[in-house]
Amino acid sequence: MHKLHFIIFTLDLQTINITLRILYRPRAELLPKSQFDAIELITQSTLISQRVSELLTERAAQFGLLLDDISIVHLSFRPEFTSAVELKRRFLVEKTEQIRQANVIAAEGDARAADLIGKALDEAGDGLIELRRIETAEGIANQLSKSRNYVYLPHGPQMLLNITGAMQ
């Protein structure tokens, strides 16, 4: 129900106060289908409010009505949906925290590995570095041997990390 108050003038300039009571309801079969899903209504409420305002303003203009302001003032969902959204939000927060913890643990592991490698280098001297050079050279040679392409290798002290010079 809506009440409207008007002051109008007759042809002989008499003033008349009129109050109208309007009872209305939409015809369900003529209602437009929703253009937005529930998540969009939550995350893009400003954009949706602007779009609704534009559409209603255009439609009202067809009937000679001016709409000064249109706002979505209340939006609610079924309790099941609200609960599901809250559970998803909590899940995402927990997932982010677990990823952060995993990154911290990985960084601590990398630091520990670097310490161990440093200690091994101190104890074994350059032996570990030479072992890594040999393993790297072996991996490169293995990859080159599997290739069907012809490979020309330069001769010199920089070839394969100077493995021949390191062995002498």
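**A serine and its contacts**

Modeller: Leaving aside neighbours within four places in sequence, S49 is in contact with I70, S71 and I72, where contact means heavy atoms within 4.5 Å. This is a predicted model, in which local features need pLDDT of at least 70 and side-chain atom pairs count only at pLDDT 80 or more, while totals for chains, interfaces and linings use all residues. Residues are numbered from 1 along each chain as its sequence is written, and side-chain values use heavy atoms, with hydrogens and water left out.

Biologist: Is S49 buried or exposed?

Modeller: S49 has its place in helix α2; helices (H or I, at least four residues) and strands (E, at least two) are DSSP runs, numbered from the N terminus. Buried means under 20% relative accessible area, exposed over 50%, and partly exposed in between, with a 1.4 Å probe and protein chains only. The relative accessible area of S49 is 18%, and therefore S49 is buried.

Biologist: Which class does Q62 fall into, buried or exposed?

Modeller: Q62 lies in the loop between α2 and α3. Because its relative accessibility is 57%, Q62 counts as exposed.

Biologist: What is the phi of L13?

Modeller: L13 sits in the loop between β1 and β2 (15-22), and with a relative accessible area of 67% L13 is exposed. Most residues other than glycine have a negative phi. L13 is not a glycine, and yet its phi is positive, at about 65 degrees.

Biologist: How are α3 and α4 oriented relative to each other?

Modeller: Helix α3 (residues 79-124) and helix α4 (residues 127-146) pack with their axes 7 Å apart, at an angle of about 110 degrees. Axes are lines fitted to C-alpha atoms, for helices over the stretch in contact, and angles run from 0 to 180 degrees between N-to-C directions. Angles under 35 degrees count as roughly parallel, over 145 as roughly antiparallel, 65 to 115 as roughly perpendicular and the rest as oblique. The two helices α3 and α4 are therefore roughly perpendicular.

Biologist: Which residues of α4 meet α3?

Modeller: On the α3 side, the residues are I117, A120, L121 and A124. Their partners in α4 are G127, L128 and I129.

Biologist: What is the volume of the largest pocket?

Modeller: On a 1 Å grid over the protein atoms alone, a pocket is an open set of points with protein on both sides within 12 Å along at least five of seven lines, where a 1.4 Å probe fits, and lining residues have an atom within 4 Å of a point. Grid points are joined across faces, edges and corners, and a volume is the space filled by probe spheres set on the points. The largest pocket is lined by 15 residues, with L31, P32, K33, V52 and L56 nearest its centre, and its volume is about 590 Å³.
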